[in-house]
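Q: Could we go through this model together? I would like to begin with the ground rules and then discuss the packing.

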Amino acid sequence: MNISPKVLDNLYKTAAQSISPAVTKLHTGIRTDRLAPLRQDTLQISKAALEKAAASSAVLQKSAVPGTSDVSALLAKHPVLQKFYASLEGFLPERLTTEKVMADLADESFMKGLSIDYSSGVLKEGAEEVQNLAAVISKRNGYLQAHSVEQFKSATSGTDVKYFDRTKGIKSTFDKLNSKMKSGVNIASFDDANLLIADGIGTRAVFKSLTADEALVSLKRCGIKDSEIATLKALWSKNTTEGLDEASITLLRKANAALAEAQTQKFVDRISEALQNSEITMSEIHNYAGKDGIAYFSDEQIGQIYSAWQKSDYAKAGGSFMLVSDIDPTSKTAHSLGFDKEYLEKIAKKSKKPSGYTACQANFEYASGALGEGQFRGAEVQKFAEYEHFPYDIKKDKTTVSEKIWKFNSEGKLAAAEELEEYKNLIRRISKDDDIYSKYNDYLSDVYNYLRKKELGILDIPGVKIEMPKLNIEELTAHENELLSKECLEKISQGEFYSFVHPKP
């Protein structure tokens with residue numbers, strides 16, 4: 001049978017657009033670690049299809065000159081897509097090309113998502129319509145990303161931070177929608193669904209580390225004496241505040257707050273100004289730190305941000321604000337905020353993650369209507385946090401690690417993929433034992449605290465002796481302890497082979 005080039009081209013494009021969503025749907029609810037061979041096959045097929053589609057598009061473009069009239073003609077035939085583009089505030093229609101419009105039209109899941117009838121009650125957990133809805137939300141965030149990121153950068157300009165950004169992918173959006181629906185949330189409109197993905201556009205501001213000299217200057221500037229710095233050197237070498245007298249704890253809090261402010265005050269001043277002047281809208285801020293960890297923002301800085309928010313147009317219009325931070329109940333900030341003891345204890349508990357996760361996160365609503373999450377952390381913690389979440393993802397049956405294993409296999413990084421598979425299986429095993437898993441979380445928390453002290457210049461102060469935490473869970477073998485270590489996970493998370501000192505028995 002002869003198949004025309006046009007039909008072949010459509011087949012190639014359909015394959016390229018449909019393989020990933022199809023595999024995603026297939027993965028839902030089953031053991032994804034057993035699908036590696038299938039994943040490799042689909043990756044090869046998808047790659048070949050995409051290459052053919054790209055080649056076909058190049059030929060077609062030579063015979064057609066993209067222009068406003070071409071785009072207008074296409075949109076006139078597809079009013080649903082035209083309405084989607086019109087809803088994108090801050091997105092310039094003139095940036096559209098016939099190629100881009102054609103690509104959106106060829107995205108079957110996205111186009112179906114635009115036509116969902118919410119009144120029919122088809123949105124059920126795990127349903128194909130939820131997948132299609134996730135495709136629309138993800139694509140919308142992709143179009144609004146540039147405008148939103150520029151607004152975030154403007155609201156934090158001049159603060160000497162390094163920026164990163166990304167949009168939440170279809171799979172993560174799909175998982176989050178399903179999770180919300182599973183908890184009983186009803187989605188009656190696109191706006192309902194979109195509000196559930198508050199981190200659709202992710203921005204990250206990474207702070208520079210302090211030098212030892214900068215750390216010492218900041219300590220003396222806040223009134224800490226040389227004799228007290230000598231005491232602090234011993235206090236910093238401990239992993240816990242348990243057993244310390246009140247005077248030592250007070251000194252430690254004062255010093256840690258001074259160092260945090262030295263690292264982040266420029267950022268806090270600028271974001272406070274932006275909030276007060278309504279340059280950006282913030283609805284939540286979570287100041288996370290592990291037990292005995294050092295948060296990125298001090299109590300005074302949290303108070304400064306909250307005070308600035310109260311003066312914003314959003315606050316005056318009745319907007320809500322969620323605050324999560326471990327604020328000292330005896331501090332001036334706690335008194336000025338007017339929160340009672342019960343509320344302070346509640347938000348302090350929420351600010352502590354078992355793994356010691358340390359970062360400040362805030363939710364923003366951008367001028368484009370896009371919702372996004374800003375993450376603020378230092379350079380050392382930034383690197384660790386990129387893979388520290390693997391144990392949590394594995395425990396929660398997220399596909400993050402399995403997808404990395406598939407990726408490494410497809411790239412020929414077989415040894416790293418095998419080691420990461422072994423790591424995943426070990427996490428699954430120890431997560432069934434609360435005592436062992438708690439010990440692993442304690443180790444991760446100690447690593448966060450060590451890296452935080454490194455960022456604040458503490459490790460470089462003469463006389464300070466602090467070593468990277470070592471994992472030694474008695475119930476595990478030497479090889480298993482090494483497999484779970486920061487050093488091993490850092491290597492294999494990047495697709496690099498890790499050479500074990502203690503080989504597998």
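Predicted model: local features only at pLDDT ≥ 70, side-chain atom pairs only at ≥ 80, totals over all residues.

Q: At what angle do helix 12 and helix 13 cross?
A: The axes of helix 12 (residues 246-276) and helix 13 (residues 299-310) cross at roughly 5 degrees and come within 8 Å. Axes are lines fitted to C-alpha atoms, for helices over the stretch in contact, and angles run from 0 to 180 degrees between N-to-C directions. Helices (H or I, at least four residues) and strands (E, at least two) are DSSP runs numbered from the N terminus.

Q: Roughly parallel or roughly antiparallel?
A: Helix 12 and helix 13 are therefore roughly parallel (angles under 35 degrees; over 145 is roughly antiparallel, 65 to 115 roughly perpendicular and the rest oblique).

Q: Which residues make that contact?
A: Among them are Ala 260, Thr 264 and Val 268 of helix 12 and Gln 301, Ile 305 and Trp 309 of helix 13, where contact means heavy atoms within 4.5 Å.

Q: And how does helix 11 pack on helix 12?
A: Helix 11 and helix 12 pack at about 95 degrees with axes 10 Å apart, which makes helix 11 roughly perpendicular to helix 12. Leu 232 and Trp 236 of helix 11 and Leu 252 and Leu 259 of helix 12 are among the contact residues.

Q: Changing topic, what is the strand order in the open sheet?
A: The six strands have the order 1-2-6-5-3-4, with mixed pairing; two strands pair if DSSP finds at least two bridges between them. Strand 1 (162-167) and strand 4 (322-324) each have a single partner strand, so one side of each lacks a neighbour in the sheet.

Q: How many bridges join strand 3 to strand 5?
A: Seven bridges join these antiparallel strands, and Ile 285 has Ala 362 of strand 5 as its bridge partner.

Q: Where does helix 13 lie relative to the strands?
A: Helix 13 lies across strand 3 and strand 4, at about 165 degrees to strand 3.

Q: Finally, which helix gives the most to the lining of the second largest pocket?
A: Helix 12 gives the most, with eleven residues.

Methods
Residues numbered from 1 in each chain as written. Heavy atoms only, no water.
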